[in-house]
Amino acid sequence: MKTEVCIIGAGPAGLMAAIFAAEAGARTTVVEANTNPGRKLLLTGGGRCNLTHQASPQELVRAFDAKGKFLSFALYKFSPQDVQDFFAGLSLRMKVEDDGCVFPAGGRAGEVRDALMERSKSVGVTFLYGSRVGGVAKESGSFVISAGAEQISAGKLIVATGGLSWPQTGCTGDGYSFARQLGHTIVEPRASLVPLVTREDWPGQLAGTAVQDVKISARVDNKKLTAAGAMIFTDDGIGGPAVLDMSRHLTDFLSGGTPVGVTLDLTPHVEQARLEAQITEHVAANPKKKVMSILSEFVPKRLAMVLSRQGGCDDELPAGQLKKDVRKKLAGMLKALPLSIVRTRPIAEATVTRGGVSVAEIEPKTMESKLCAGLFFAGEVLDVDGPCGGYNLQMCWSTGALAGSTAAQRT
């Protein structure tokens, strides 16, 4: 079959690219290996779909760190407000939460997927489901895409296949192979937004225990790294939003086998001197209470028990018998609890993939390849990843819209 624009992948970037290409008048075909679209999209935000973040384009550019410059044009061209206006135009009601995260008002990711599919069909996008692409080639100025028994000829090709995270949703890294076949460099894929594994085994004793407000700090290559928010202890380390954000910064440094030290500030809104004073006040008012009971005024009870033991206190030790130096030590642990990170959890468990098609080979104002005319990339297949909170979906919408509209203009 022949089409003007062929898109590989019916995830968020692929669907947005398809809509923008078809709206611009291009005959558009989407090839999807799964039997239905948006499988990973349905799992985002815990099934609620954090579809963007209420922030200015400039704030988003900063959030993407070194890759922000590459994304700048796309994020300004199709900003978080543009995304909200786009979905509002599809009759999707949204709500903005206090932290800036934007969700569908009904709390279901399926609402977002369904709105995209209704728009795709209304503008005439053709979908081929259950068709895994086996290879791509460029012949006589056109792209030849082998998809199962179907061979597609397309004037323009957009690769929006995602990365290697959550392979059960179809993200198996196929796009990297297509990129290589067409001359592109792949930056080694690594896990990002993923739980971290500690050398210490005591976090496993607290598996399932959550702390709602933590500041995590590390120093790598003389650079101070921080992340804040909620966290949870796991069977082999730590997880939760703050940890996932920290993992973005640490994943590049964990492949050599050398642990990276981090500290947990479990009371980030209380200065250490004030914290020590508060502990002293609690001890004076409750001398017969156990030390762990005093600590549980500041952290969850299970964590308080472990910290008490880490500080050298017997489980039955009355607070009134707590020596000054031990009290200061416990306060220090609440403010800077040390852990050694040895690795991330596997990339299959990561929310997003760090690495992918090198952005040095992509034109940022079009998402077109600098090496192969007519070839475009969008979404997680690119070597770009952002923090938790809707940033990565915003990147998918922005790069998908830019790739789709530009590809259509050049047909």
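**Figure 1. Helix H10 against helix H11 in the predicted model.** The axes of H10 (residues 301–310) and H11 (residues 324–335) come within 10 Å and cross at roughly 130°. H10 is therefore oblique to H11. Angles under 35 degrees count as roughly parallel, over 145 as roughly antiparallel, 65 to 115 as roughly perpendicular and the rest as oblique. Axes are lines fitted to C-alpha atoms, for helices over the stretch in contact, with angles from 0 to 180 degrees between N-to-C directions. H10 contributes Leu307, Ser308 and Gln310 to the contact, and H11 contributes Lys329, Leu330, Met333 and Leu334. Contact means heavy atoms within 4.5 Å. By type, the residues of this H10–H11 contact are 4 nonpolar, 2 polar and 1 charged. Ala, Val, Leu, Ile, Met, Phe, Trp, Tyr, Cys and Pro count as nonpolar, Asp, Glu, Lys and Arg as charged, and the others, Gly among them, as polar.

This is a predicted model, in which local features need pLDDT of at least 70 and side-chain atom pairs count only at pLDDT 80 or more, while totals for chains, interfaces and linings use all residues. Residues are numbered from 1 along each chain as its sequence is written, and side-chain values use heavy atoms, with hydrogens and water left out.

**Figure 2. Helix H8 packed on helix H11.** H8 (residues 272–285) meets H11 at an angle of about 130°, and their axes are 10 Å apart. The two helices are therefore oblique to each other. H8 passes H11 in a right-handed crossing. On the H8 side, the contact is made by Gln272, Leu275, Glu276, Ile279 and Thr280. On the H11 side, Arg327, Lys328, Ala331, Gly332, Leu334 and Lys335 take part. The residues of the H8–H11 contact comprise 4 nonpolar, 3 polar and 4 charged.

Figure 3. The structure holds 7 aromatic pairs. Rings of Phe, Tyr and Trp (its six-membered ring) pair if their centres lie within 6.5 Å; planes under 30 degrees apart count as stacked, over 60 as edge-to-face and the rest as tilted. The ring centres of Phe86 and Phe87 are 5.1 Å apart and the planes stand at 85°, so this pair is edge-to-face. Both Phe86 and Phe87 are buried (under 20% relative accessible area; exposed is over 50%, partly exposed in between, with a 1.4 Å probe and protein chains only). Phe87 and Trp397 have ring centres 5.3 Å apart and planes at 65°, so they too are edge-to-face. Phe87 lies in helix H4 (residues 80–89) and Trp397 in helix H12 (residues 391–409), so the pair ties together parts that are 310 residues apart in sequence. Phe87 has a relative accessible area of 0%. Trp397 is likewise buried, at 0%.

**Figure 4. Tyr176 and its contacts.** Tyr176 sits in helix H6 (residues 174–181). Helices (H or I, at least four residues) and strands (E, at least two) are DSSP runs, numbered from the N terminus. Tyr176 is buried, with a relative accessible area of 4%. Not counting residues up to four places away in sequence, Tyr176 touches Gly162, Gly163, Leu164, Ile186, Pro189, Thr353, Gly355, Gly356, Val357 and Val381. Gly163 is 13 residues from Tyr176 in sequence, with 8.2 Å between their C-alpha atoms.

**Figure 5. Ser131 in a loop between two strands.** The loop joins strand E6 (126–129) and strand E7 (133–139). Ser131 is buried, at 14% relative accessible area. Leaving aside neighbours within four places in sequence, Ser131 contacts Val31, Glu32, Ala33 and Ala147.

**Figure 6. Positive phi at Cys49 and Asp221.** Phi of Cys49 is near 65°, a positive value in a residue other than glycine. Cys49 is in the loop between strand E2 (28–32) and strand E3 (52–53). Cys49 is buried, at 0% relative accessibility. Phi of Asp221 is near 50°, again positive in a residue other than glycine. Asp221 is in the loop between strand E12 (210–220) and strand E13 (223–233). Asp221 is exposed, with a relative accessible area of 66%.

Definitions and conventions: A crossing is left-handed if the near helix is turned anticlockwise from the far one by less than a right angle, and right-handed if clockwise.
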